[in-house]
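Student: I have a model open and want to know what each label rests on. Can we take the labels one by one?

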Amino acid sequence: MRLNWHGLLAHLESLPWPDPYSVQVLIQDEEDDCFGLWMLYEGRLVEVSLPHTDRHLVPGHTITGVFTRTDRHRHS
């Protein structure tokens, strides 16, 4: 996630959604393993926990950190 999209979540939160309970936003940075799922809760976009994933905050590098799959290197 590049730092130049700062304000995107706030902008999406401010829109007059006809049904805010149906809003789902998928965000994936070039360093992320997969998309993160964000949903509106009480007017704020909040990331929804997904199984087998972890977000590592990297201040000054990205806005939301790096999103990784915890099972990525697990062998069966």
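Student: What makes the largest nonpolar core a core, and which residues are in it?
Tutor: The largest nonpolar core has 8 residues: Leu9, Leu12, Val23, Val25, Ile27, Trp38, Leu40 and Leu45. The term means a set of buried Ala, Val, Leu, Ile, Met, Phe, Trp, Tyr and Cys residues joined through side-chain atoms within 4.5 Å. Buried means under 20% relative accessible area, exposed over 50%, and partly exposed in between, with a 1.4 Å probe and protein chains only. Helix α1, β1 (24-27) and β2 (36-41) each supply at least two residues of this core.

Student: How do you know what kind of model this is?
Tutor: The model is predicted: local features need pLDDT of at least 70, side-chain atom pairs count only at pLDDT 80 or more, and totals for chains, interfaces and linings use all residues. Residues are numbered from 1 along each chain as its sequence is written, and side-chain values use heavy atoms, with hydrogens and water left out.

Student: What is the mean pLDDT of the protein chain?
Tutor: The mean is 85, and 86% of the residues reach 70 or more. pLDDT is the predictor's confidence in each residue, from 0 to 100.

Student: How many helices and strands does the protein chain have?
Tutor: The chain has 1 helix and 5 strands. Both are DSSP runs, numbered from the N terminus: helices are H or I with at least four residues, strands are E with at least two. Along the sequence the pattern reads α-β-β-β-β-β.

Student: Which residues does valine 25 contact?
Tutor: Neighbours within four places in sequence aside, valine 25 is in contact with Leu12, Gly36, Leu37, Trp38 and Leu45. Contact means heavy atoms within 4.5 Å. Valine 25 also stands opposite tryptophan 38 in β2. On β1, Val25 and Ile27 form the covered face, while Gln24 and Leu26 form the uncovered one.

Student: Why is β2 called largely enclosed?
Tutor: Count its buried residues. 5 of the 6 residues of β2 are buried, so the strand is largely enclosed by the rest of the structure. Across the 76 residues of the protein chain, 33% count as buried.

Student: What makes β1 and β2 a pair?
Tutor: Two strands pair if DSSP finds at least two bridges between them. β1 and β2 pair in the antiparallel sense over 4 bridges. That count meets the requirement.

Student: What is the strand order in the open sheet of 3 strands?
Tutor: The order is β1-β2-β3, with antiparallel pairing. β1 and β3 are the edge strands, since each pairs on one side only. 4 bridges join β2 to β3. Methionine 39 has valine 46 in β3 as its bridge partner, and tyrosine 41 has arginine 44. The hairpin of β2 and β3 has 2 residues between the strands, and glutamate 42 there takes a positive phi near 50°.

Student: Why is the meeting of arginine 44 and glutamate 13 called a salt bridge?
Tutor: A salt bridge is a side-chain nitrogen of Lys or Arg within 4 Å of a carboxyl oxygen of Asp or Glu. Arginine 44 and glutamate 13 meet at 3.7 Å, N to O. That value is within 4 Å, so the pair qualifies. Arginine 44 lies in strand β3 (residues 44-47) and glutamate 13 in helix α1 (residues 8-14), so the pair ties together parts that are 31 residues apart in sequence.

Student: How many salt bridges does the structure hold?
Tutor: The structure holds 3. In one of them, arginine 55 joins glutamate 47, with the closest N and O atoms 2.6 Å apart. Arginine 55 is buried at 19%, whereas glutamate 47 is partly exposed at 23%. Another joins arginine 69 and aspartate 71 at 2.8 Å, N to O. Arginine 69 has 38% relative accessibility, so it counts as partly exposed.
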